[in-house]
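Subject: Structure for you to look at

Hello,

Please find the structure below, with notes on what was found in it. Keep the 3D view open while you read.

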Amino acid sequence: RVFATGPERAMVQGAVGQLCTWVPAGDGWHADPTLVQVQGAAQGAYAFQRLQRGGDLLFTAIDGHELGNSIRILRPEGNSTSEIGAVSLPAAADVPSFANAFASDGTTLAVGSADVRFNLGSTPRERDPKVFLYSRHGDAWGIDGYVRVPRPQPPATPDAMWFGISVAVAGDVLAVGCPRSLPPRPSEALPDSGTAHVLVFRRSAAQWIPEVDIEGALFTADAGFGIEVAAEGDLLAVRSLGVTDLSAPGRVFLFRRTGGTWALAQELLPARGIAPSRAYGLSIAISHGRVLVGDAAARGADEA
């Protein structure tokens, strides 16, 4: 099956959604005319801005526009897909950018909370975000806790406000992107914070322990190193992006773990004759040892 979705804003409280499914039919694919929706969206909330597959489940987020965000969990079965659960923080503990990024392998769910709100003005932006971790128990999901950038010795405070802008989880491996900065928006430039790196955590018993801190400065001067990550087994793909030169193409680096040590395997370059764009690596995935790199604006090198 193939799943595709497009974002939608709830005009009234209730069901909202645009999730379409294609199934093989003869020599082609047949689109199911029924669009799957999620339930209980608040008026003004955004749905289906992102879709992730994890094991036998699908995950999407509801952005409640500061009225509470949640991850919705859907299960494809037979010729239908149904919503079977949701994950959110308690109202008293909610954070505005909960679910800005999320990933699951079907057993573990990682949810980022980097503060990506627009035009905050004098409102302080969270400088020590967390990645929340949930584990599956049948059709229910329970929170296991969270990880954050290892805290420096007091009285120093963490400086990693973009920690969790991207996450990937595969078995006992959790990768968290932590760029130094993000591309500027039309209305504002986003601040620098700390250094660009990717943190890899390893699950030991019920705890996620920091395994390695991959420093972007060892491979590139890009402030956006770690803006996207993907992981599978002993492979880790990391997208890197410059935030000042808006014409520079994206880059993707592949790391491999050998004997417990993570090291750069190679930079992933597009096929000869393809010119990568700014969007190179906008989406990345690893499946059965193959790395897939999306580029929304790639073109042939001979195109004007």
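Start with T108, which lies in strand β11 (residues 108-112). Helices (H or I, at least four residues) and strands (E, at least two) are DSSP runs, numbered from the N terminus.

Two remarks on the source. This is a predicted model, in which local features need pLDDT of at least 70 and side-chain atom pairs count only at pLDDT 80 or more, while totals for chains, interfaces and linings use all residues. Residues are numbered from 1 along each chain as its sequence is written, and side-chain values use heavy atoms, with hydrogens and water left out.

Is T108 buried or exposed? T108 counts as buried because its relative accessibility is 1%; buried means under 20% relative accessible area, exposed over 50%, and partly exposed in between (1.4 Å probe, protein chains only). The side chain of T108 makes a polar contact with the side chain of R203, at 3.0 Å. A polar contact is a pair of N or O atoms within 3.5 Å; within protein, one must be able to donate a hydrogen and the other to accept it, and residues adjacent in sequence count only if both atoms are side-chain atoms. Leaving out residues up to four places away in sequence, T108 touches, among others, L133, W141, R203 and W208 (contact means heavy atoms within 4.5 Å).

R203 stands opposite W208 in β17. The strands β16 and β17 pair in the antiparallel sense over eight bridges; two strands pair if DSSP finds at least two bridges between them. Both belong to an open sheet of four strands in the order β14-β15-β16-β17, with antiparallel pairing. Its edge strands, β14 and β17 (207-215), each pair on one side only.

Last, the cysteines. How many disulfides does a search of the whole structure find? The search finds zero, a disulfide being a pair of cysteine sulfur atoms within 2.5 Å. C178 counts as buried because its relative accessibility is 0%.

Regards
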